[in-house]
Amino acid sequence: MAIFLSENDVKQVLTVDMAMAGVESAHRDLALGQALDTPRQRSRLPQTVLHILQGALPAQGVIGYKAYTSNRSGNRFLVHLFDAGSGELKAVIEADYLGMMRTGAASGVAARWLARPDATVAGVFGSGWQAEGHVRAICGALPLELVKVWARDAAKLRDFCARLSELTGRRVVPAADAEDAVREADLVGTVTTAAKPLFDADWLQPGTHINAAGSNALIRQELSEAAIRRCGLIAVDAVPTALAEAGDLLPLLEKGRLQARQLVELGEIIVGRHPGRSDAEQISLFESQGMAIQDLAVAVRVLAAASEQGLGREIPMQ
């Protein structure tokens, strides 16, 4: 019998470590030819957009998709998980919290593989829902001592930093301004809906790793062309997805200042097919657009943990 898991069920079992383990497994499977991923597709109406990401992880026994609608009234996320062998429905999972955690986990996994292992200071742009997952994951991946966060709403920023300090056990503080968030940071994360670059390329110090998680359309751009051209390594979820959605990269690709062959899939680094960071001075970048297989891999782990605890409700199906 298929299981329905609510947001509350997911929150009871999903941890940062579980999310990062799932995301890393998805990238590893993709690099080993044991996964299929179809870039996001959208159906648009004037008021509402339906987004669908689909894929398969046969080595983990599942195939499925995440569907969500975006509307002025909010977003609604559901993951549908099917058995890869029989095709039978295994679970339907409410996935707002799951998606936030897996998006953050992608940044955490990238930081673990690409940032300098002695990184202690991070600068983060954004204090919204997705920024929470980002901060929690990078704190789980690296021995960070200080996270400086910059956002426009000062009151919201103070509350965010206080809450994340308590959640992570690290010093999470408001940055004085955008430059303060970037200067002397070993890791810079951008988790916004910005249409224009968030910081000056000259503020980046040698050896910085950048996680760019907000620019998933041509109309969005968090990084300047100058910042990207300072990066000696540009990693992506998957090249086809980056070529379709990476708003930070598309202008350079269109102008010929960046070639698709220069993009390195994160899984290639995880399995050792690409060496990753070349030295301590290199500036590296991970452009995160999101993939169905990340959601599926996290959902598999959530379902297993929820089943062990007897959570969820059976879905009556013939």
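Predicted model: local features only at pLDDT ≥ 70, side-chain atom pairs only at ≥ 80, totals over all residues.
**Entry 1**

I began with R102, which is found in helix 3; helices here are DSSP runs of H or I with at least four residues, strands are runs of E with at least two, and both are numbered from the N terminus. Residues are numbered from 1 along each chain as its sequence is written, and side-chain values use heavy atoms, with hydrogens and water left out.

I looked up the accessibility of R102 and found 4%, which counts as buried (buried is under 20% relative accessible area, exposed over 50%, partly exposed in between, with a 1.4 Å probe and protein chains only). Setting aside neighbours within four places in sequence, I listed its contacts as V23, L53, K66, G290, M291, Q294, D295 and V298; contact means heavy atoms within 4.5 Å. I also noted a polar contact of 3.2 Å between the side chains of R102 and T103. A polar contact is a pair of N or O atoms within 3.5 Å; within protein, one must be able to donate a hydrogen and the other to accept it, and residues adjacent in sequence count only if both atoms are side-chain atoms.

**Entry 2: salt bridges**

From R102 I went along the chain to R112, 10 residues apart, and found 15 Å between the two C-alpha atoms. R112 forms a salt bridge with E24, the closest N and O atoms being 3.4 Å apart; the criterion is a side-chain nitrogen of Lys or Arg within 4 Å of a carboxyl oxygen of Asp or Glu. This pair links E24 in helix 2 (residues 16–31) with R112 in helix 3, 88 residues apart. E24 is buried at 11%, whereas R112 is partly exposed at 38%.

A search of the whole structure gave 15 salt bridges. Among them, R40 and E245 have their closest N and O atoms 3.0 Å apart. R40 lies in strand 2 (residues 36–44) and E245 in helix 8 (residues 239–245), so the pair ties together parts 205 residues apart in sequence. R40 is buried at 13%, and E245 is buried at 4%.

I then looked up R163 and E132, whose side chains meet in a salt bridge at 2.7 Å, N to O. R163 lies in helix 5 (residues 154–168) and E132 in helix 4, so this pair ties together parts 31 residues apart. R163 is partly exposed at 38%, whereas E132 is buried at 8%.

**Entry 3: aromatic pairs**

The whole structure holds 4 aromatic pairs. I counted rings of Phe, Tyr and Trp (its six-membered ring) with centres within 6.5 Å; planes under 30 degrees apart are stacked, over 60 edge-to-face, and the rest tilted. Y97 and W129 form a tilted pair, 6.3 Å centre to centre with 55° between the planes. The pair links Y97 in helix 3 (residues 96–114) with W129 in helix 4 (residues 129–141), 32 residues apart. Y97 is buried at 9%, while W129 is partly exposed at 37%.

F125 and F199 form a stacked pair, 5.8 Å centre to centre with 25° between the planes.
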